[in-house]
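Subject: Structure handover

Hi,

Here is the structure for you to look over. My notes follow below it.

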Amino acid sequence: MSAILLVEDEIAIAETVVYALQADGHTVRHCLDGQQARAAIRDAAFDLAILDVGLPDVSGFALCGELRRAAPVPVIFLTAQAAEAERVLGFDLGADDYIAKPFSLRELVARVRVALRRGAPAEQDGETRRVGAFEHDVAGRRIRYHGQALDLTRYEYGLLAALLARPGAVLSRMQLMERVWENASDSSDRTVDTHVKTLRAKLRAAAPACDPLRTHRGIGYALDLD
């Protein structure tokens, strides 16, 4: 059973989401605004948070930043807007997924399951693998690049870990979806591209003179270690 924080000011939407998540075996704490959510974060630990972007007292983006500073849990945004720029901003701030209203409750529950699976601790040894300028702490799910620790979301980490496992090989978008999202139906080519874009920006910030993430148009992505 997972504890989920839901921050949504539309009562009708919140009630249906709470019902669907509880039916799937989760406990849910519903908050109407950022003030209530802050109090909830202080009072309890959560395994995942679902945040509405358009809250009455604070943006969901700002609340996401506060939440991730308190505890690095998966975050799913709910929003009435589906513009690419807003999705990219959400992913930059550490979101794990993004769902536009109106949405299917079955899809939301499926995405919650995937986010929770991706957030589970890795059952691997404590080996640190060195691949070119990368250092991959598999058990800790941490990656350093040119000596700098990368602040990655779970999907960014999953994408980079998949590419590090096969350096130089071109992985198609479908292969990446299967490796990172576990169920390809929970993602799309556009979602993969968006996460790759934010991942590339973080790699360039760590080493501006390098660009190891290669796009092979019409095929997929590869990690170039030369």
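In which handedness of crossing does α6 pass α7? The crossing is right-handed. Bear in mind that this is a predicted model.

Helix pair

Two packed helices are described by the angle between their axes and the distance between the axes. For helix α6 (residues 154–165) and helix α7 (residues 173–180), the angle is about 115°. Their axes are 9 Å apart. On the α6 side, the contact is made by Y155, G158, L159, A162 and L163. On the α7 side, L176, R179 and V180 take part. By class, the contact of α6 with α7 has 6 nonpolar, 1 polar and 1 charged residues.

Parallel sheet

Next, the open sheet. It has 5 strands, in the order β2-β1-β3-β4-β5, and the pairing is parallel. Which strands stand at the edges? They are β2 (27–31) and β5 (97–100). Each has a single partner strand, so one side of each is left without a neighbour in the sheet. On average, neighbouring strands are turned by 20° against each other, direction ignored.

Helix α1 (residues 11–23) packs on this sheet. It touches β1 (3–7), β2 and β3 (48–52). The direction of α1 makes about 170° with that of β2.

F77 stands opposite Y98 in β5. Both residues also belong to an aromatic cluster, together with F61.

Aromatic pairs

How many aromatic pairs are there, with ring centres within 6.5 Å as the rule? The count comes to 3. Take F134 and Y145. Their ring centres are 4.4 Å apart and their planes are at 20°. Planes under 30 degrees apart count as stacked, so this pair is stacked.

Where do the two residues lie? F134 is in strand β7 (residues 134–137), and Y145 is in strand β8 (residues 142–145). The pair therefore ties together parts that are 11 residues apart in sequence.

Best wishes

Definitions and conventions: Residues are numbered from 1 along each chain as its sequence is written. This is a predicted model: local features need pLDDT of at least 70, side-chain atom pairs count only at pLDDT 80 or more; totals for chains, interfaces and linings use all residues. Side-chain values use heavy atoms; hydrogens and water are left out. Rings of Phe, Tyr and Trp (its six-membered ring) pair if their centres lie within 6.5 Å; planes under 30 degrees apart count as stacked, over 60 as edge-to-face and the rest as tilted. Helices (H or I, at least four residues) and strands (E, at least two) are DSSP runs, numbered from the N terminus. Axes are lines fitted to C-alpha atoms, for helices over the stretch in contact, and angles run from 0 to 180 degrees between N-to-C directions. A crossing is left-handed if the near helix is turned anticlockwise from the far one by less than a right angle, and right-handed if clockwise. Contact means heavy atoms within 4.5 Å. Ala, Val, Leu, Ile, Met, Phe, Trp, Tyr, Cys and Pro count as nonpolar, Asp, Glu, Lys and Arg as charged, and the others, Gly among them, as polar. Two strands pair if DSSP finds at least two bridges between them.
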